[in-house]
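Below is a walk through part of a structure, moving from one contact to the next. Keep the sequence and the coordinates at hand while reading.

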Amino acid sequence: MAPLYPALPLAFTDTGNAHTGAPTVVLLHSGVCDRRMWSSLLAALPPTYRGLAPDPRGFGGSTLDQDIPHDDARDVLALLDGIGVERFALVGSSYGGRVALRLAGLVPERVPALVLLCPAAPGLEETEALAALDAREEKLVAAGDLDGACALMTDTWLGPDADASVRAEVARMQRRAYQLQLAGPQGAGRTEEGGPVPLSAVTAATLVVTAAHDLPEFRALAAGLPDRLTGARETEYVDLSSSGHLPNMERPEETTLLVRDFLGRSVR
């Protein structure tokens, strides 16, 4: 496990190349995972890139220690400032996509490219189905049935073609998040300091990816994002035919090719 950077609360994986001037790619994970979800993509990045994958507070190697809300996007920005990263591309999965959009809107001059994999974002419709899913998860966690909650999450977010090893890995990461968040102080939790950042503030070239076996609410959101990113230098949209909500884990080779190709065309 990577150590925490001094005075910063986030654990992170860093592939190196810090002294070569290599473009930095920051990977922000899904809310049911942690930075381990990026292992294959980090390994497949060309040596001309520096890959950084942080764990927000309450995930993976980052604990919840403070009795106050935190802003995940500003935490990532503080990490990047602390290690001297000025410009960076962003890759965000699900909730990590929402964090990536917020970060790209907070400092648009620093983000040349943005990849969103089945992202969450402002405007995600809170349907009865999603509310029921949240309620069922909360009930299982409150009852101490973390096995049941992890099974619910893997069944919900992974497509039918995800193999047993992927399901087991997602369950391990989700369990770790439950344990950290249950152990956190009463006032810990997420916030968006200063409120949401308008999507029009994002100027990065943006690739939006969705998947055929994702939940309909997320598919609809992703399909509409290119038209909402009115300030983006360019936008592209890809719909994967055989994946659920976590395409880089379910279809790693296909997703890696998409990400590498887009970064190669968009990061200078």
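In this predicted model, Arg190 lies over the face of Tyr95, at 4.0 Å from the ring centre.

Two packed helices are described by the angle between their axes and the distance between the axes. For helix 2 (residues 72–82) and helix 3 (residues 95–106), the angle is about 65 degrees and the axes are 9 Å apart. The crossing of helix 2 past helix 3 is right-handed.

Next comes helix 5, residues 146–157. Its twelve residues, at 1.5 Å a residue, should span 16 Å, and the end C-alpha atoms are 16 Å apart, so the two values agree. The buried residues in helix 5 are Leu146, Ala149, Cys150, Leu152, Met153, Thr154, Thr156 and Trp157. Their cover includes helix 4 (128–142), helix 6 (164–183), helix 7 (216–228) and helix 8 (247–250).

How many aromatic pairs does a search of the whole structure find? The search finds one. The pair is formed by Trp157 and Phe218 in an edge-to-face arrangement, 5.5 Å centre to centre, with 90 degrees between the planes. Because Trp157 lies in helix 5 and Phe218 in helix 7, the pair ties together parts that are 61 residues apart in sequence. Trp157 has a relative accessible area of 10% and is therefore buried; Phe218, at 6% relative accessibility, also counts as buried. The cut-off for buried is under 20% relative accessible area.

Definitions and conventions:
Residues numbered from 1 in each chain as written. Predicted model: local features only at pLDDT ≥ 70, side-chain atom pairs only at ≥ 80, totals over all residues. Heavy atoms only, no water. Helix = DSSP H or I, 4+ residues; strand = E, 2+ residues; numbered from the N terminus. Expected span 1.5 Å × (residues − 1). Buried < 20%, exposed > 50% of the residue type's maximum accessible area, 1.4 Å probe, protein only. Contact = heavy atoms within 4.5 Å. Phe/Tyr/Trp six-rings, centres within 6.5 Å; stacked < 30°, edge-to-face > 60°. Lys NZ or Arg CZ within 6 Å of the ring centre and 35° of its normal. Axes fitted to C-alpha atoms, helices over the stretch in contact; angles between N-to-C directions. Left-handed = near helix turned anticlockwise from the far one by under 90°.
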